[in-house]
Amino acid sequence: MLDALVKENPSYSGPLTNLGIVYYKTSRREQALAAFSRAAVANPRNAVAYNWLGIIYRENGDYARAEQGYLRALQADGDYAAAHLNLAILYDQHLKRPAQAIEHYRRYGRLDRSNELQVAAWIAALEPKKKPEPKP
């Protein structure tokens, strides 16, 4: 059904994004990548498509493109919690940039309170241990 809708309306970003999600969830990554790319071209403000592009690039080990995907998602919608979380994970686990990871974990935590304890634990693990100040 989505294929037919996309064929009838090739410039509609929403159906392309939904088709990309279906492709992704049915392990057709190349088709998903193509659908999300087309969705982003059709609507440069499609934060969902850019976030999914970031996910696919991260899974392929292309961390620079993954970062760009997540950043483009946040340009489109600065309050898109999933993009903040995915960017934080990328900075934390793959790019080893803890300060940036903490920033995006915090933003994610403010936007989605459903995982407050988990987010707090992630941040605590990244924050540098503070040394006691020497006594004069």
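**View 1. Buried residues of helix α5.** In α5, the buried residues are A66, E67, G69, Y70, A73, L74 and A76. The model shown here is predicted.

**View 2. Helix α5 from end to end.** Helix α5 covers residues 63-76, 14 residues in total. From its first C-alpha to its last, α5 reaches 20 Å, close to the 20 Å expected at 1.5 Å a residue.

**View 3. The helices of the protein chain.** The protein chain has 8 helices and 0 strands. Read from the N terminus, the order of elements is α-α-α-α-α-α-α-α. Along its principal axes, the C-alpha trace of the chain spans about 75 × 25 × 25 Å.

**View 4. Burial and contacts in the protein chain.** The protein chain has 136 residues, and 41% of them count as buried; A66 and Y70 of α5 are among the buried residues. Of the contacts in the chain with a separation of 6 or more, 39% are between residues 24 or more positions apart.

**View 5. Surface and charged side chains.** The chain carries 19 positive and 14 negative side chains. The centres of the positive set and the negative set lie 3 Å apart.

Technical notes. Residues are numbered from 1 along each chain as its sequence is written. This is a predicted model: local features need pLDDT of at least 70, side-chain atom pairs count only at pLDDT 80 or more; totals for chains, interfaces and linings use all residues. Side-chain values use heavy atoms; hydrogens and water are left out. Helices (H or I, at least four residues) and strands (E, at least two) are DSSP runs, numbered from the N terminus. Buried means under 20% relative accessible area, exposed over 50%, partly exposed in between (1.4 Å probe, protein chains only). Contact means heavy atoms within 4.5 Å. Lys and Arg count as positive and Asp and Glu as negative; His and the chain ends are not counted. The place of a charge is taken as NZ of Lys, CZ of Arg, CG of Asp or CD of Glu. The expected span of a helix is 1.5 Å times one less than its number of residues.
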